[in-house]
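Please look at the model below before reading on. The points after it are meant to be checked against the coordinates.

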Amino acid sequence: MTGPQYIPPPPNYPPTYTPPPTPAPHHPAAEHTEPKNRWLTGIRPVWNLTAVGAALAPLYEGYSLATGAGTLLTDMVNTGHPSGAWTLDIAVLATTAYINHTRDTWVSRVLLFAAIAGSILTLPWLNTVLRLMTGATT
């Protein structure tokens, strides 16, 4: 062994390629999970109590979020627009309920309770209902 020996090249075999195994397709419909009932799981007593407190707490010149909404609705009724006040109240209640349902945060709960308290403090008055139904003022 005096010098480098000749090493023959490897035989010319075709390349061996095996594709990776394909996983079984995932079908979400095959899994059965119970849907969450969002209306009942969102009941949090501490959140609700603090949200009511925040909605009724005075912020600016003695007005809270609830009394501010009630004052807006009262001004609309007193200027001769009871149907507009009812429409605005229904729109605000629906919007805040939708926001609270989709986001479920403490701030959205405060806004919902402020809208509910503002409409309870203002719109169920008898003269508003009579004016809305008959058009007559008391």
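This is a predicted model: local features need pLDDT of at least 70, side-chain atom pairs count only at pLDDT 80 or more; totals for chains, interfaces and linings use all residues.

1. Helix α3 runs over residues 65-78. Its 14 residues reach 20 Å from the first C-alpha to the last, close to the 20 Å expected at 1.5 Å a residue. At the start of α3, a side-chain oxygen of Ser-64 comes to within 3.4 Å of the backbone nitrogen of Ala-66. Just after the helix, Gly-80 has a positive phi of about 100 degrees.

2. The buried residues in α3 include Ala-66, Gly-70, Leu-73, Thr-74 and Val-77. These residues cover an arc of only 105 degrees around the axis, so they sit on the same side of α3.

3. Helix α4 covers residues 82-103, which is 22 residues. At 1.5 Å a residue this should span 32 Å, and the end C-alpha atoms lie 31 Å apart, which agrees. Just after α4, Asp-104 takes a positive phi of about 55 degrees.

4. Which residues of α4 are buried? They include Pro-82, Ala-85, Asp-89, Thr-96 and Asn-100. Viewed down the axis of α4, the buried residues fall within an arc of 65 degrees, and therefore line one face of the helix. On the other side of α4, Thr-87, Ile-90 and Tyr-98 are exposed.

5. The axes of α3 and α4 come within 7 Å and cross at roughly 155 degrees. Angles over 145 degrees count as roughly antiparallel, so α3 is roughly antiparallel to α4. The crossing of this pair is right-handed.

6. α4 also packs with helix α5 (residues 106-122), at an angle of about 155 degrees and with the axes 8 Å apart. By the cut-off of 145 degrees, α4 and α5 are therefore roughly antiparallel to each other. How is the crossing of α4 and α5 handed, left or right? It is left-handed, whereas the crossing of α3 and α4 is right-handed.

7. To recap the points on α4: its buried residues line one face, Thr-87, Ile-90 and Tyr-98 are exposed on the other side, and its axis comes within 7 Å of that of α3 and lies 8 Å from that of α5.

Terms used:
Residues are numbered from 1 along each chain as its sequence is written. Side-chain values use heavy atoms; hydrogens and water are left out. Helices (H or I, at least four residues) and strands (E, at least two) are DSSP runs, numbered from the N terminus. The expected span of a helix is 1.5 Å times one less than its number of residues. Buried means under 20% relative accessible area, exposed over 50%, partly exposed in between (1.4 Å probe, protein chains only). The arc is that of the directions from the helix axis to the C-beta atoms. A polar contact is a pair of N or O atoms within 3.5 Å; within protein, one must be able to donate a hydrogen and the other to accept it, and residues adjacent in sequence count only if both atoms are side-chain atoms. Axes are lines fitted to C-alpha atoms, for helices over the stretch in contact, and angles run from 0 to 180 degrees between N-to-C directions. Angles under 35 degrees count as roughly parallel, over 145 as roughly antiparallel, 65 to 115 as roughly perpendicular and the rest as oblique. A crossing is left-handed if the near helix is turned anticlockwise from the far one by less than a right angle, and right-handed if clockwise.
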